[in-house]
Amino acid sequence: MRFGLSDEQEMIVSTVRSFVENEIYPHEALVEKTGEVPQEVAQEIKQKVIDLGFYASNFPESVGGPGLSHLEFALVERELGRGSMALTHFFGRPQNILMACQGEQIEKYLMPAVRGERMDALAMTEPDAGSDVRGMKCTATRDGGDWVINGSKHFISGADHADFFIVFVATGVDETPKGPKKRITCFLVDRGTPGFEVAKGYNSVSHRGYKNCILYFDNCRLSDAQVLGEVDGGFAVMNEWLYATRITVATMSVGRARRVFDHAVQYAAERKQFGQSIGKFQGVSFQIADMITEIDAADYLTLASAWRLDEGLPANREIASAKVYASEMLARVTDAALQIHGGMGLMDELPIERFWRDARVERIWDGTSEIQRHIISREIFRPLGA
Ligand SMILES: Cc1cc2nc3c(=O)[nH]c(=O)nc-3n(C[C@H](O)[C@H](O)[C@H](O)COP(=O)(O)OP(=O)(O)OC[C@H]3O[C@@H](n4cnc5c(N)ncnc54)[C@H](O)[C@@H]3O)c2cc1C
C-alpha cells in the first residue's frame, strides 16, 4: 500500500491549486457581495481552463477529455473545493452521464459539453420528491410518436445558464409485490423548447452566486431522439453514471476544510489574549489537533473510495462513508474555525462565516447524510439477508 502521489499527480494538484488561488480567489469577494458571477469572469475562467487542458476533467480522452483516473479527478475536485462554488462551476465538469449519449446526441450534447461550448444541468429533484426519487410526479406520456412532459423540478443547480438539461421523468408504473413502482426515463431537453420554462429559484444560505432554478414542463413535446439511455431505463443510466458524483462532494469538503484550517491556524498563532497567542491555550490547540486529524481521515477515506473505483472494486459503501464523513467533518471544522476566530468569525470582513454557511449544504445535496447512512447499513446487512 502506497500513500504517495506520482509526479504527474503532484503536478495536477499544484496546477489546479495555483489556478484556484490565482483565478478564483480574486473574484470571491465580489460574488459574495453581489450574488452574481459576472459573465465575462465566467467566460474568462472557462477559457483559461480549456487552455490549460483541464476542462471536462471527468471525461475520457476518447471524447476529448483529459482522461484522468477517478483518483486524479478526485485530486482536481479537492483543490476546486478550496474555491467559491459559484466560480469553480466554470472550471467545467459536465455530468458524466452524458457518456450515455448515442447517435446524434453525441454531436449535439456530449461533444459540445466536453469542449465547453454548451453547459448542462441535471434535474431530478421535485418539490414532493427529494430523497425518494421514485416518488417523482413529473411525467412523460406518449402522444403519437412524441413524449409529452408535464410537471416541475426544483433546486436545479446551474440551470440559470445551462444550455440543455438532463431531466428524469416518470414514464409509467409497475405493480410489484411491494406496491406500485414508477418507471423512470432520462431526457435531454434544450433550453427554449416550447412548453419548458426555467424560472428563478430560491436564495440559498450556502454558495452564494451558485444559483438553483425551478423548471416547469407544460405539455412540453419531445421526440424519442431526446431519450438518454433506454426508455424506462432512467435508473440504470443514473446508477451507472451518477454513482460516483458523491465522491465530488466528499473531496470538495476536504479541500475546503484544508483552506479553513489554514485560516484557523494562522489566526490562532497571531491572535493574542492574556498576553499570549490563543493557540497556546489547550482549549484552542486541541481543537486544531482534532481538526487536522478529522481532515486527514476524510481525505484518506475519500481518496481510497476513488481508488477502489479505479481498481474496479465495489465502492458503494465506501463512497457513501466518504460523503457522509467528509461533509460532516467540514461542518465541525468550519464551526471550530469560527469559534477560534471569536466574534470576527461571524463578520463578513473575513471569509470564515462564508465557509461555515457553505458547509451546510454538503450534508444535504447529492443524497443527505441520512440517505448515505441508509446505503452504508444496507450494504452491511444485505449479505446477511437482513
Ligand atoms: C442548493 C441545492 C442545490 C441542489 N441542486 C440539485 C440539482 O442540481 N439537481 C437535482 O436534481 N437536485 C438538486 N438538489 C436537491 C438535493 O439533492 C435534495 O435536496 C436532496 O436529495 C434531499 O431532498 P429534499 O431536500 O427534498 O429532502 P427530503 O428528501 O424531503 O428529506 C428531508 C429530511 O428527511 C430525511 N429523510 C428522507 N428520507 C429518509 C429516509 N428514508 N431515512 C431517513 N431520513 C430520511 C432527509 O435525510 C432529510 O433530513 C439541490 C439541493 C440544494 C439544497
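The side chain of S277 places a polar atom 2.9 Å from the backbone oxygen of A269. This is a polar contact, defined as a pair of N or O atoms within 3.5 Å; within protein, one must be able to donate a hydrogen and the other to accept it, and residues adjacent in sequence count only if both atoms are side-chain atoms. The model is predicted: local features need pLDDT of at least 70 and side-chain atom pairs pLDDT 80 or more, while totals for chains, interfaces and linings use all residues. Residues are numbered from 1 along each chain as its sequence is written, and side-chain values use heavy atoms, without hydrogens or water.

S277 belongs to strand β10 (residues 276-277). Strands (E, at least two residues) and helices (H or I, at least four) are DSSP runs, numbered from the N terminus. S277 counts as buried because its relative accessibility is 14%. Buried means under 20% relative accessible area, exposed over 50%, and partly exposed in between (1.4 Å probe, protein chains only). G275 sits in the loop between β9 (272-273) and β10. With a relative accessible area of 75%, G275 is exposed. G275 and V249 are 26 residues apart in sequence, and their C-alpha atoms are 41 Å apart in space.

The ligand is surrounded by 16 residues; T125, S131, F155, T368 and E370 are the closest. A residue is counted here if one of its heavy atoms lies within 4 Å of the molecule. Nine residues of this shell are nonpolar, five are polar and two are charged. In this scheme Ala, Val, Leu, Ile, Met, Phe, Trp, Tyr, Cys and Pro are nonpolar; Asp, Glu, Lys and Arg are charged; the others, Gly among them, are polar.

The side chain of T368 has an N or O atom 2.7 Å from a ligand oxygen. On its own the ligand has 980 Å² of accessible area, of which the protein covers 62%. Such areas come from the Shrake-Rupley method with a 1.4 Å probe; for residues, only the protein chains shown count as cover. Two or more shell residues come from each of β1 (120-123), β3 (146-157) and α11 (369-381). Strand β3 gives the largest share, three residues.

Aromatic rings were examined next. Rings of Phe, Tyr and Trp (its six-membered ring) pair if their centres lie within 6.5 Å; planes under 30 degrees apart are stacked, over 60 edge-to-face, and the rest tilted. The count comes to ten aromatic pairs. F19 and F91 form an edge-to-face pair, with 5.4 Å between centres and 85 degrees between planes. F19 is in helix α1 (residues 7-34) and F91 in the loop between α4 (85-88) and α5 (104-115), 72 residues apart. F19 is buried because its relative accessibility is 8%, and F91 is buried at 0%. The pair W147 and F187 is also edge-to-face, at 5.7 Å and 75 degrees. It links strand β3 to strand β5 (residues 179-190), 40 residues apart. W147 and F187 are both buried. One aromatic cluster is formed by F19, F54 and F91.

Charges also sit over rings. The criterion is NZ of Lys or CZ of Arg within 6 Å of the ring centre and within 35 degrees of the ring normal. R134 lies over the face of F235, 4.0 Å from the ring centre. R259 lies over the face of Y25, at 3.7 Å.
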